[in-house]
Amino acid sequence: MKKRIVSLKPWIFWLIYAGVIAVTIAIDQLTKHFIEIAVAENGRIRIIGDWLTLTWTTNDGATGGIFQNFEGRHILFFVMTLIGLPIFGYMLWRSRTRSVWGQVAFSFMIGGTIGNAIDRLFLVEEGGKFFSGAVRDFVQVQHFFGIFNMADSFLVVGVILALLAIVVFDPDSLVASIIAERKQGKAEPQNVQTDNGVTKNDESANDDVENTTAEKTDEDN
C-alpha cells in the first residue's frame, strides 16, 4: 500500500515554499555581498587550510567556468533560465502530493536559478555593462574543477534531493513500486494445470488434492 501524503492547501503550500525560495535567494545574494567585502579587505581567506578557501572572482560562464568561451553564452543562459523556472515551478507544484524531499528540492532549484539570474542581469563589473552575464563566485575547493557560489550549491543539492525523492522517498518512488510489485506477486496465487487440463490457482488445486485424498481414504475403508 502506498503511503498517503496529506497535501497542504494551495495558498499555504505556496506561502511556505515562496518563503523557502526567498531565503535561498537571500542567502545567495548576502553571501556574495559580504564575502566580496571580506576578501577585498583580507585577500584569500582560508577556511580549512588550502582545501577550502574563499577566493573572489566573477564568472561569465556556467558553474566552474563551463561555456566561458562560447560566444552566445549570455543569451543561452537567459533562455535556460526562462525555460527552467516554469519547469521547476511545475515540478514543485506536482510534488505537493508527494514527499517533502521533492518540494524542498525544487524550491532550492528555483532559488538557485533566480540567485544567479540576478547576477547575470544586474551585475555591472568595472568598465562593464548591464546584462553582463557574469555571476559572483567565491567558494574554492581543492582539486574541484572551478569556483562556485551558494546559488550553485542550492542547485546541486536540489538535484540530489530530487533524485532521492524519485528513487526512494516519494509514495510512487522506484523503490516503493518494486516493493509493491513483490508484495502483490506473493499475494496472488499462481495458476497450475490439473490432470484433466483445467487451469486452477494454487489454493483450488490444493483443495482438490485434499478432497481426492479424502475420497480415496473413504474407499479404502
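This is a predicted model: local features need pLDDT of at least 70, side-chain atom pairs count only at pLDDT 80 or more; totals for chains, interfaces and linings use all residues.

User: Fine. How many helices and strands does the protein chain have?

Analyst: The protein chain has 6 helices and 6 strands, and from the N terminus on they follow the order α-β-β-α-α-β-β-α-α-β-β-α. Of its 221 residues, 32% count as buried, and among contacts between residues at least 6 apart in sequence, 59% join residues at least 24 apart.

User: And what is the strand order in the open sheet?

Analyst: The open sheet has 4 strands in the order β1-β2-β3-β4, with antiparallel pairing. Its edge strands are β1 and β4 (147–148), each of which pairs on one side only. Strand β1 (residues 45–48) is joined to strand β2 (residues 52–59) by 3 bridges, while β2 and strand β3 (residues 135–141) pair over 6 bridges, with L54 standing opposite V139 in β3.

User: Which residue takes a positive phi in the hairpin of β1 and β2?

Analyst: That residue is G49, with a phi near 55°, in a hairpin that has 3 residues between the strands.

User: Is R46 buried or exposed?

Analyst: R46 counts as exposed because its relative accessibility is 51%, whereas D50, at 39%, counts as partly exposed.

User: How many salt bridges are there in the whole structure?

Analyst: A search of the whole structure finds 5 salt bridges. One of them links K32 with D119, with the closest N and O atoms 3.0 Å apart. K32 lies in helix α1 and D119 in helix α3, so this pair ties together parts that are 87 residues apart in sequence. Both K32 and D119 are buried.

User: What about the salt bridge between D119 and R136, how far apart are the closest N and O atoms?

Analyst: In that salt bridge the closest N and O atoms are 3.0 Å apart. Since D119 is in helix α3 and R136 in strand β3, the pair ties together parts that are 17 residues apart in sequence. D119 counts as buried at 1% relative accessibility, and R136 is buried as well, with a relative accessible area of 12%. Salt bridges that share partners join D28, K32, D119 and R136 into one network.

User: Switching to α4: which of its residues are buried, and what do they pack against?

Analyst: The buried residues of α4 are A151, D152, F154, G158, L161, A162 and A165, and they pack against α1 (10–42), α3, β3 and β4. At the start of α4, a side-chain oxygen of N149 reaches to within 3.0 Å of the backbone nitrogen of A151.

User: What does T113 touch?

Analyst: Leaving aside residues up to four places away in sequence, T113 touches T81, L85, F88 and L155. T113 is in helix α3 and is buried, with a relative accessible area of 11%.

User: Last topic, the surface. Which elements give two or more residues to the nonpolar patch?

Analyst: The patch is about 870 Å², and its members include V100, W101, I160, I166 and I179. The elements giving two or more residues are α3 (100–122), α4 (150–169) and α5 (174–187), with the largest share, 6 residues, coming from α4. I166 is in helix α4 and is partly exposed, with a relative accessible area of 46%.

Note on methods. Residues are numbered from 1 along each chain as its sequence is written. Side-chain values use heavy atoms; hydrogens and water are left out. Patches are made of residues with over 30% relative accessible area and no salt bridge: like charges are joined within 9 Å, nonpolar side chains (Val, Leu, Ile, Met, Phe, Trp, Tyr) within 5 Å. Accessible areas come from the Shrake-Rupley method with a 1.4 Å probe; for residues, only the protein chains shown count as cover. A salt bridge is a side-chain nitrogen of Lys or Arg within 4 Å of a carboxyl oxygen of Asp or Glu. Buried means under 20% relative accessible area, exposed over 50%, partly exposed in between (1.4 Å probe, protein chains only). Two strands pair if DSSP finds at least two bridges between them. Contact means heavy atoms within 4.5 Å. A polar contact is a pair of N or O atoms within 3.5 Å; within protein, one must be able to donate a hydrogen and the other to accept it, and residues adjacent in sequence count only if both atoms are side-chain atoms.
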